[in-house]
Amino acid sequence: MLRRIRFDRLFKSSQILFNRVTTWSPVGAAFNAPQHRRPERLQKNVGLFGVPELSSPAGFQVARREALWEMEFLVKRVCTEPPGVGTVEAFDQLSDSLCKVADLADFIKIAHPDAAFRKAAERTCVDVGTVVEKLNTNVELYQSLKNLLDNKDVLATLDPDTRRVAELLMFDFEISGIHLDEAKRRKAVSLNVKLLDLSHEFLHGSYLPSTVEKRSLPEHIRHCFSLDGNRIQISGLHADSPDELVREAAYRIFLYPNTDLLLCLDELLACRHELAKLVGYESFAHRALKGTMAKTPETVMTFLERLTEKLSNRTAKDFSMMRSWKKKTRSLNADLMPWDHPYLSGVIRAEKCNIEPIQYSPYFSLGACMEGLNMLFSQLLGVSFQAEEPQTGEVWSDEVRKLDCHFTICGGWLKGGGRYQLPVVVLMLSLPPPTSRTPSLLTPCMMENLFHEMGHAMHSMLGQTRYQHVSGTRCATDFAEVPSVLMEFFASDYRVVSQFARHYETGERLPESMVTRLCQSKRICGAADTQLQVFYAALDQVYHGEPQNRTTTDILKDMQGKFYGLPYVHNTAWQLRFSHLVGYGAKYYSYLMSRAVASMVWRHCFLKDPFNRAMGEDYRREMLAHGGGKEPMLMVTEMLQKTPTIEDLVEALVLDPEDFTSSV
């Protein structure tokens, strides 16, 4: 079945001429060749994403009003109709009517270049969010769903999909405390409101730069930072700087403890724990992990501890290699410090494997990479891309580039009468702009990231669920990353890469030796890099477990010693820059567990033949089609024909890449 994915990438200059001898397919040309849009003067403005109301910022209020009208009708229907399948369908339609507006507004408020659109979208997000909070505390709505789930005769008539969605909706209700008595319910509402404020405050503070007086730093490194009069702003760790003093200064200053933010984090964690206990869970981590592959914090910690044990020897060797390399630089500090790890691992990879991104970029033009994805999905899944010219007003900018962002604007689901609402997916990536002589040329990391994000997109595009509440990436966090990480394995296999990586001027194929070196470079210091992620995941779990009579910094110091190995730096508070604590609270481990599952799927299903159509169809049917409509571990089990144990997951992460990469 052919699905259409619309990619809009229009260049600013109409004078772009690329000196190339290759011939691009329509998909490749849509991204590599200059685009000439039709004159818009006489064209009707169809509105953003084809939503007529959104031809102007004022349209957001119209869309919001229409969604609220539909919501009122559906709430009345849920509360008056007898319990049955119709109850769940009405709930799902209610969710869809609000999500279509809220998700679109959530995207536009950060992506649109027009401040008026962004402001209107942000106001809509607040308005819809307020409505959702009220619905989550609507006792009559909750009681209607409870009547359905408590009626054994009616429950027996529900199909598995409908029953699962009903149970998920009930879970959403109960984590808000709606099942509690009046006093406790008011307390839960109060805690939820407080959590929203604290989350916003912490997230905002985690990105703020640190400032010091200019005289605090040696004169010869001041130019490496942003100057603001007599003060210097440091907005990151400068981990790639070859100057050790710059890295150390950035680390110590950027991570210097902020008293107000420390108190905010303390309050955030305490508030989460109090709410979790109020609604019946041992801890926030227990509440957060319900319905995931891991299921419990105990499983997560066992996974992280065993992974640390398995990696210990290789991690020690990696750190030893970094220390030896550091000695060659005649550093004044012989100890390996946290600010050395990212820099030295990158330098060692580049020098040992002769990896220079500039050597690869000519082979990874954006058009070539899109052709590669089109080819892969066509052979593997029977899905093709088709480039279309956007209609007037349908897109928000001539160029859209943002790092590591995937938004599902509208999820797919089966509507009444057998009609299917096709999903709309946007990829946002930060990519180099084209020049007058070259298309956008990607580094190997950018190419891999494009494949990763396309894994998310295809999860949404190929989901075929009956209910939008569980469509696409609306699933357990530790399962949601599996399709995206799996795509990274395809992006590292020469049999796949050789099909599309060609020089934008000569058409020459990327030599196999260059892909081999690239794959070998990923093995270098790989154990230490993985161990750093284990440390972050363990810290996240402890923060969200049973409260301890210690500061968050004392906990960090302890976890860093147990799960990382490099020394804690006095008077630093890395946890204040751990922004994932907001969106991924108690779930940071998901990246590691998803990578383990993706590794198992790759080896079991695609290692022998990455274009195996039968396996591709199995993957689509067993893992992509269900979204969150099935238990995540059940989907993995049916794909692998076995249920992975913790030992299996650990082994999948510690296996040397050479053991399961085919021709490279």
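Visitor: Where is the place of D159?
Guide: D159 is in the loop between α6 (152-157) and α7 (160-174). Helices here are DSSP runs of H or I with at least four residues, strands are E runs of at least two, and both are numbered from the N terminus. Bear in mind that this is a predicted model, where local features need pLDDT of at least 70, side-chain atom pairs count only at pLDDT 80 or more, and totals for chains, interfaces and linings use all residues. Residues are numbered from 1 along each chain as its sequence is written, and side-chain values use heavy atoms, with hydrogens and water left out.

Visitor: Is D159 exposed, partly exposed or buried?
Guide: D159 counts as partly exposed, because its relative accessibility is 24%. Buried means under 20% relative accessible area, exposed means over 50%, and partly exposed is in between, with a 1.4 Å probe and protein chains only.

Visitor: OK, zooming out. How many helices and strands does the protein chain have?
Guide: The chain comes to 27 helices and seven strands. Its radius of gyration is 26 Å, close to the 26 Å that the globule rule gives for 664 residues, so it is as compact as a globular protein of that length. That radius is taken over C-alpha atoms, and the rule is 2.2 Å times the number of residues to the power 0.38.

Visitor: What box do the C-alpha atoms fill?
Guide: Roughly 75 × 65 × 60 Å, taken along the principal axes. Buried residues make up 53% of the 664 in the chain.

Visitor: What about contacts along the chain?
Guide: Take contacts between residues at least 6 apart in sequence: 75% of them join residues at least 24 apart. Contact means heavy atoms within 4.5 Å.

Visitor: Which residues touch the most other members of the largest nonpolar core?
Guide: F303, L304 and F364, in a core of 161 residues. Helix α21 (residues 526-543) gives this core its largest share, 11 residues. A nonpolar core is a set of buried Ala, Val, Leu, Ile, Met, Phe, Trp, Tyr and Cys residues joined through side-chain atoms within 4.5 Å.

Visitor: What does L304 touch?
Guide: Not counting residues up to four places away in sequence, L304 touches V534, A537, A538, F563 and L592. Apart from this core lies another, of 33 residues, with L74, A90, L148 and V154 among them.

Visitor: How far apart are L141 and F91?
Guide: In sequence, L141 and F91 are 50 residues apart, and in space they are 9.1 Å apart, C-alpha to C-alpha.

Visitor: Which residues is I108 in contact with?
Guide: Leaving out neighbours within four places in sequence, I108 is in contact with L48, F49, F60, F117, R118 and A121. K557 is 449 residues away from I108 along the chain, and their C-alpha atoms are separated by 40 Å.

Visitor: Are A586 and Q641 buried or exposed?
Guide: A586 counts as buried at 0% relative accessibility, whereas Q641 counts as exposed at 65%. A586 is in the loop between α23 (580-583) and α24, and Q641 is in the loop between α26 (632-640) and α27.

Visitor: What do the buried residues of α27 pack against?
Guide: They pack against α12 (297-328) and α24 (590-606). The buried residues of α27 (residues 646-654) are I646, L649, V650, A652, L653 and V654.
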